[in-house]
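Look over the sequence and the model below.

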Amino acid sequence: MKDDIRAPALFFAPFVSSPMRVEPQWIDYNGHLNMAYYHVLFDRAADEVFSLVGINQNYLDTRHSSTFAAECHILYKRELTESDQVRVTAQLIAFDEKRLHYYLEMRHATVGWLAATSENLALHVDLTSRKVSPFPADLLANLALMKAAHSMMPLPLTIGRIIGMPQKTAITVESMTGEREPETRH
């Protein structure tokens, strides 16, 4: 057998990150985890899961490619405070030759309650040209294995959620003035 042949990756459904602790310097004046650091924790978990696929520092160094965030939607469900420990689960929702659509849930590591969710779209980028480019065949094969494992899981109810307020509670410009202000584009 050749040395360059490796066994296919094994993907758990869902992937579960290493435990991560809320750092004291991340606490804001409200006494809870500042919203920016939810992104940090989600990003660290995404690095862990996509490292299994082969998207890691070695991939960047040898193939000069990586993934860039294109869109992210976080729902803050319950506040985290100093020294709370969390784990993040990951589910690959979909992928194509250049994009990844994935979902993350952040839970308290010991009690299990849901702190936040994150729905994401990432793009595969050739760092030499700084342009979106197709994944190589080996990564597409790994993504297909991950997707097969994760397709056994139900789709999260919040996938594709749109930010908005129910009509009955929303205060709009129209309700205050009777007229709609023109949209300004910059």
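How do the residues of the lining of the largest cavity divide into nonpolar, polar and charged? Two are nonpolar, three are polar and two are charged. Here Ala, Val, Leu, Ile, Met, Phe, Trp, Tyr, Cys and Pro count as nonpolar, Asp, Glu, Lys and Arg as charged, and the others, Gly among them, as polar.

The model is predicted: local features need pLDDT of at least 70, side-chain atom pairs count only at pLDDT 80 or more, and totals for chains, interfaces and linings use all residues. Residues are numbered from 1 along each chain as its sequence is written, and side-chain values use heavy atoms, with hydrogens and water left out.

Start with the cavity. Searching the whole structure turns up one cavity of 30 Å³ or more. A cavity is a set of points, on a 1 Å grid over the protein atoms alone, where a 1.4 Å probe fits but cannot get out. The largest cavity holds about 40 Å³ of space. That volume is the space filled by probe spheres set on the points. Its lining is made by H73, L75, Y103, T117, E119, T158 and R161; lining residues have an atom within 4 Å of a point. Strands β3 (65-76) and β6 (114-126) each give at least two residues to this lining. Strands are DSSP runs of E, at least two residues, and helices are runs of H or I, at least four, numbered from the N terminus.

Now turn to helix α1, residues 35-53. The helix has 19 residues and spans 28 Å from first C-alpha to last, close to the expected 27 Å. The expected span is 1.5 Å times one less than the number of residues. Y38, L41, F42, A45, A46, V49, F50 and V53 of α1 are buried, that is, under 20% relative accessible area with a 1.4 Å probe and protein chains only. These buried residues line one face of α1, because they fall within an arc of 160° seen down its axis. The arc is taken from the directions from the helix axis to the C-beta atoms. An α-helix has 3.6 residues a turn, so residues three or four places apart point the same way.

Both ends of α1 have a detail. At its start, a side-chain oxygen of N34 comes within 2.9 Å of the backbone nitrogen of A36. Just after α1, G54 has a positive phi of about 120°.

Most residues other than glycine have a negative phi. H64 has a positive one, near 55°. H64 sits in the loop between α2 (57-63) and β3. R130 also has a positive phi, about 60°, and lies in the loop between β6 and β7 (131-132).

Notes. On a 1 Å grid over the protein atoms alone, a cavity is a set of points where a 1.4 Å probe fits but cannot get out, and a pocket is an open set with protein on both sides within 12 Å along at least five of seven lines; lining residues have an atom within 4 Å of a point. Buried means under 20% relative accessible area, exposed over 50%, partly exposed in between (1.4 Å probe, protein chains only). A polar contact is a pair of N or O atoms within 3.5 Å; within protein, one must be able to donate a hydrogen and the other to accept it, and residues adjacent in sequence count only if both atoms are side-chain atoms.
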